Amino acid sequence: MQHSSSFSSPPDLRQFAALVAVAEQGSISAASSHLGWSDATVNYHLRNLESTLGATLLNRSKRGTTPTPIAKQLIPQAKAALNTASQALETVLNSAAGRLPELRLGLFPTAASHLLPRITRRLRGADFSVQAILAEVSTLEHRFRARELDAALIFSTPGKNNWRADGVTQKLVIAEDVLLAVPTIHRFARRSQISTAELLETAEDAWILGSSAPDPLDEMLLQIFAGQQAALNVRIRTDDYSVALGMVAAGLAVTTVPRLACRNVPNGVHLVGLADARFKREISLLLPTERTALNSEQLETLSRAVSAAANELTEPV
């Protein structure tokens, strides 16, 4: 079947649903089961879509069904159309039922502890509600790409993990220092700042790193040590900064901690500045530029609330 540059009638969403289901499930029968349709219904919508586009969309064999190159180009747009339609229906149903539209906001744990209460306080009276979804950064990024989140607060190190994809706005909210936390009996406990060369001297100290990989701060730290043929003596792993600081206070280890997590430092912990400019944590807000269940004005309301909340805690960028 030859590709045509024009078509007489637009595809309907059932055609897109059939194509996406076959691509994800790997066969007509599996797609039928997933959609709750018959094989004949799936084939009917696929044939109509191929007829509309004037192009073959599936390679069929005994091993299964795979999308053609043209289909691979179409599938992301088909998913977007299905998602937009679903969100539009949800918006209408919520309006009819008198419910506020819901914004799914992803946050990593530190942001949930310190930023979320301030964000929600500023959103009181807004014409939407917020569902907070807590996860580590790698999971948040995956779910945002999959459109399972309407917005997400993530963090990265300077110059890393920048989002340049179409349909995404990345707004830098905070650039905060990352500090070295040591017990008050440590040799650096009287220092306000140390150099990278001095930091490398801690390679044999007991270290605390995160338990969820990959963590941008941990990766940067390990790369710095590896670049000098040094390996960290990692003894403890935890993603909870309060637990990590408690272990430092007990004299069990050292760790790095972003300033946002240093608001309730226990006795027995000394915080040391790091002269290396790489030791920053950049917190960003990811927002979609394309249509979601919320409009652009509502997303801007969220953005302003996040900026104001960050302004309470540290100097905003």
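Visitor: How many nonpolar, polar and charged residues are in the lining of the second largest pocket?

Guide: The lining of the second largest pocket holds 6 nonpolar, 5 polar and 4 charged residues (Ala, Val, Leu, Ile, Met, Phe, Trp, Tyr, Cys and Pro count as nonpolar, Asp, Glu, Lys and Arg as charged, the others, Gly among them, as polar). This is a predicted model, where local features need pLDDT of at least 70 and side-chain atom pairs pLDDT 80 or more, while totals for chains, interfaces and linings use all residues. Residues are numbered from 1 along each chain as its sequence is written, and side-chain values use heavy atoms, leaving out hydrogens and water.

Visitor: What is the volume of the second largest pocket, and which residues are closest to its centre?

Guide: Rolling a probe the size of a water molecule over the atoms shows where empty space is left. On a 1 Å grid over the protein atoms alone, a pocket is an open set of points with protein on both sides within 12 Å along at least five of seven lines, a cavity is a set where a 1.4 Å probe fits but cannot get out, and lining residues have an atom within 4 Å of a point. Here, the second largest pocket has about 310 Å³ of space (points are joined across faces, edges and corners, and volume is the space filled by probe spheres set on them). Thr157, Lys160, Pro216, Glu219 and Met220 are the closest to its centre among 15 lining residues. Helix H9 (216–227) gives the most to this lining, 5 residues (helices are DSSP runs of H or I, at least four residues, and strands runs of E, at least two, numbered from the N terminus).

Visitor: Which residues lie nearest the centre of the largest cavity?

Guide: Gly210, Asp215, Thr238, Asp239 and Tyr241 do, out of 21 lining residues. The volume of the largest cavity is about 230 Å³. Strand S10 supplies the largest share of its lining, 4 residues.

Visitor: Which strands are joined to S12 by bridges?

Guide: S5 (residues 151–156) runs antiparallel to S12, with 5 bridges, and S6 (residues 168–183) is also antiparallel to S12, with 9 bridges (strands pair if DSSP finds at least two bridges). Ile154 faces Ser284 in S12, and Gln170 has Leu286 as its bridge partner. S12 is largely enclosed by the rest of the structure, because 8 of its 9 residues are buried.

How values were computed. Buried means under 20% relative accessible area, exposed over 50%, partly exposed in between (1.4 Å probe, protein chains only).
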